[in-house]
Amino acid sequence: MAEKHKPAPMVDEVSDFEILEVAVRELAIEKGLFTAEDHQRWTEYMETLSPIPAARLVAKAWLDPEYKKLAVEDGIKASLAVGIDWVNSMPTHFGTPSDYCNLRVMEDTPTLKHVVVCTLCSCYPRPILGQSPEWYRTPNYRRRIVRWPRQVLSEFGLQLPADVEIRVVDSNQKTRYIVLPVRPEGTEGWTEDQLTEIVTRDCLIGVAAPRPGKTQNDKRPVHPAVHPVQHGH
Ligand code: FE
């Protein structure tokens, strides 16, 4: 039977990493480290995560100086007020080696800007901030943000005056960070819900600043090439 229309593949490409993940997972299940049901439960839990709890934490901190103090002193405790229990709400009930950790809430000021990276790999406070964006995991971002933070932030569209100090905080297995940005002008009298909306994922990583009316994450700017590749010879 001639087949004129081949069905489209389910995925365009399976990466080496995905093949490795399946192999390690199947081995771990075979060895009894966890069950297939545990894995399913974990995957479903991970899919529920988003940056909204972290955004709400920031909104609450803007509105309540006492809560802000708690957030800066003990991010894990402050997370409880936004529905994230780092110890008990995980499907495993004991956290995970990579996620149960010390959450630090880094407070910006008008003259101090924090930005988060994991120079070693891709550590990220997933329970409170969801999955990391792809660019966060790239060697390009990880290498360049520590060397040329001002330049890299400007590539994200965040131009900082020269008198603003930039501190790059480097995540690791036990310590994860979110940024508590400066509350922008024009938000006087706003409710917690209104404030939560403008604290985007990128604001929480530190590569963007919140502003009224901006509720989406920045698209990475695309600049035309200075010397475009010539087609043909
Ligand atoms: Fe990492």
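A residue counts as buried if 20 or more other C-beta atoms lie within 10 Å of its own, the C-beta atoms being placed from the backbone. By that criterion helix 2 is hardly covered, with a count of 0 buried residues among its 12. The model described here is predicted.

**Overall composition**

The protein contains 10 helices and 4 strands. Along the sequence these elements follow the order α-α-α-α-α-β-β-α-α-α-β-β-α-α. Of its 233 residues, 27% count as buried. Among contacts between residues at least 6 apart in sequence, 70% join residues at least 24 apart.

Helix 2 covers residues 36-47. Thr35 belongs to the loop between helix 1 (16-31) and helix 2. Thr35 has 11 other C-beta atoms within 10 Å and is therefore exposed, since the cut-off for exposed is 12 or fewer. In sequence Thr35 is 10 residues from Arg25, and their C-alpha atoms are 9.6 Å apart in space.

In soluble globular proteins, nonpolar side chains tend to be buried together. The largest nonpolar core of this model has 41 residues, of which Ala54, Val58, Ile178, Val179, Val199 and Leu204 touch the most other members. Helix 3 (residues 52-63) gives the most to this core, with 7 residues. Leaving aside residues up to four places away in sequence, Ala54 touches Ile128, Leu129, Ile178 and Leu204.

**Packing of helix 3 on helix 4**

Two packed helices are described by the angle between their axes and the distance between the axes. For helix 3 and helix 4 (residues 65-73), the angle is about 130° and the axes are 6 Å apart. The two helices are therefore oblique to each other. Helix 3 passes helix 4 in a left-handed crossing. On the helix 3 side the contact is made by Leu57, Lys60 and Ala61, and on the helix 4 side by Tyr67, Lys68 and Ala71.

**Glu192**

Glu192 is located in helix 9 (residues 192-198). With 13 other C-beta atoms within 10 Å, Glu192 is partly exposed. Apart from residues up to four places away in sequence, Glu192 touches Ala59, Lys60 and Leu63. Ala61 lies 131 residues from Glu192 along the chain, with 9.6 Å between the two C-alpha atoms.

The two residues whose surroundings were counted are set out below.

| Residue | Other C-beta atoms within 10 Å | Class |
|---|---|---|
| Thr35 | 11 C-beta atoms | Thr35: exposed |
| Glu192 | 13 C-beta atoms | Glu192: partly exposed |

How values were computed. Residues numbered from 1 in each chain as written. Predicted model: local features only at pLDDT ≥ 70, side-chain atom pairs only at ≥ 80, totals over all residues. Contact = placed C-beta atoms within 7 Å. Expected span 1.5 Å × (residues − 1). Core = buried A, V, L, I, M, F, W, Y, C linked by C-beta atoms within 7 Å. Axes fitted to C-alpha atoms, helices over the stretch in contact; angles between N-to-C directions. Parallel < 35°, antiparallel > 145°, perpendicular 65-115°, else oblique. Left-handed = near helix turned anticlockwise from the far one by under 90°.
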